[in-house]
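Let us walk along a protein chain and stop at a few places worth a look. Keep the model open as you read.

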Amino acid sequence: MTETPILKLTNISKTFPGVKALDSVSFEVMPGEVHALLGENGAGKSTLIKIVSGVYRPNTGEIAIDGEPVQFSTTRDAQEKGIATIYQEFSLYPELSVAENIFIGHAPQRELGPFKMIDWRKMRQSARELLASLDIHDMNVSQNVRALSVGNRQRVEIAKALSLNARLLIMDEPTAALTESDVAKLFEIVEQLRKRGVAIIYISHRLSEVFEICDRVSVLRDGEYIGTQYVKDTNEDELVSMMVKRAVDNRFPKLPSDPGKNVLEVRGLSHEPLTRDVSFTLRAGEIVGFAGLVGSGRSELAHLLFGIRKPHSGSILIDGHPIKFRHPGQAIREGIAYVPEDRGTQGLVKEMTIKENVSLSILRTITRFQFIQSSEEKKLAQNAIQQLGIRAYSVQQIVEQLSGGNQQKVVVSRWLASDPKILIVDEPTRGVDVGAKAEIHRLLSKLAVERGLAIMMISSELPEIIGMSDRVYVMRGGQIVDEVEGDEVEQERIAASMMGDRMNSALVG
């Protein structure tokens, strides 16, 4: 490439109290390039994109746009230079319409004498034209964003960026919460943007996506720039080694298991239309995977088992005894723990410390005369940090400051403190890097084999299901449609059961 980079960072450093987040990082993106930015959680990716988007100012180093040095004091400064960021958590207003969200802050206006008013008709028409330019023709621009699917909300974010004449679009984990069809649509939009000359910084923990849509890939590790490769000239093993400074030879470190007696038995459990006539068993010391497409009923089944929802019919037996849960507190007392899919809003109180989060599930047992025993709470957290390998400077560290993988370990430690028999984990490695994934997999296997936990693992990643499960149940349309174990646990059969007669070759490729 001989043309001028649309963005060039030179020796960028950023220090926070006690932490050097970036150390002399250099990075560039060319017009029309999809450039992947990889690294473990805590590698400095978020800090770097916040500097590019004007949230932070670097302590040292230079930012250049089209070869000209610039300084960003605010996000608006970056927007005026054509930089827009789409974060995992969308910055949309649910009660406003699609058109209003796209043009918020810069709506088209018309003059009425000495006054200026929003030109609502022009705004709606411009919104339709922007969406049409992305080959989106079926979205009602007058509809409130609250009513949209996650995929359509993301498309509104992209249209919003284009309404600001964005020339560089930063996408942070854009596929984390998307269905397979939404991912395919996103990739089509990325290809359209590339052809228009829009540059994209693409941040993802899913290496398969990097090889599918990216041109180059740069890697950060511990706040330092490690290197840049053309995607066609590298492979997953090389990128993993660059990210974690070691080869992750065994990404699914499953220990040999010898399952014991049935701990959980589910008979004909139904909550129409979410789940229908579901029956299965979990044994002590085994990991049972639950595979299925988004909407197949897996998470809804977990909610029934944990008392979040009440079944319409069917029964739940623990150690052979029928149990009925009116609320999650009863499920906890019967030995069930649940690590939810969305750790940020359902699994953690991010503004609280590690110590406070770990003790949340057993506050009654460490309370004396309505006062929490701080020494017991601290001991619990210290044991969790040691046993689960949580990387933190102390039990008083705020959870929000931890990497995604370490946040997930805090959620797991919180439930282990309740000494459960059954552990339900929903998307246990979503949003964490490849090194942290291997650590979480190792932890789950250890809990099953050494502690004898019966683990129900829900995952949308087939390699994870296959690599970590002793048995696999496949759900479709709220029902269990297949059970596989041993040599039958292979990708083609599971994918075929998930899809029914509609085999998706991309899913198994």
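Start in strand β2, which spans residues 19–29 and holds S24. This is a predicted model. Look at the backbone of S24: its phi is near 55 degrees, a positive value, and the residue is not glycine. Why does that deserve a stop? Because most residues other than glycine have a negative phi. Now check the cover around the residue.

Move on to E173. This residue sits in the loop that links β9 (168–172) to α6 (180–195). Its phi is also positive, near 50 degrees, and E173 is not a glycine either. Is E173 buried or exposed? E173 is buried, because its relative accessible area is 9% and buried means under 20%.

The next stop is a peptide bond. Find P273 in the loop between β13 (262–271) and β14 (275–283). The bond that runs from E272 to P273 is cis, and its omega is near 0 degrees. Most peptide bonds are trans.

Finish at the surface. Which residues gather there in a patch of positive charge? They are K310, R326, R333 and R364. Take R326 from this group. R326 belongs to the loop between β17 (321–323) and α10 (328–333). Its relative accessibility is 58%, so R326 counts as exposed. The cut-off for that label is over 50%.

Key:
Residues are numbered from 1 along each chain as its sequence is written. This is a predicted model: local features need pLDDT of at least 70, side-chain atom pairs count only at pLDDT 80 or more; totals for chains, interfaces and linings use all residues. Side-chain values use heavy atoms; hydrogens and water are left out. Patches are made of residues with over 30% relative accessible area and no salt bridge: like charges are joined within 9 Å, nonpolar side chains (Val, Leu, Ile, Met, Phe, Trp, Tyr) within 5 Å. Accessible areas come from the Shrake-Rupley method with a 1.4 Å probe; for residues, only the protein chains shown count as cover. A salt bridge is a side-chain nitrogen of Lys or Arg within 4 Å of a carboxyl oxygen of Asp or Glu. Lys and Arg count as positive and Asp and Glu as negative; His and the chain ends are not counted. The place of a charge is taken as NZ of Lys, CZ of Arg, CG of Asp or CD of Glu. Helices (H or I, at least four residues) and strands (E, at least two) are DSSP runs, numbered from the N terminus. Buried means under 20% relative accessible area, exposed over 50%, partly exposed in between (1.4 Å probe, protein chains only).
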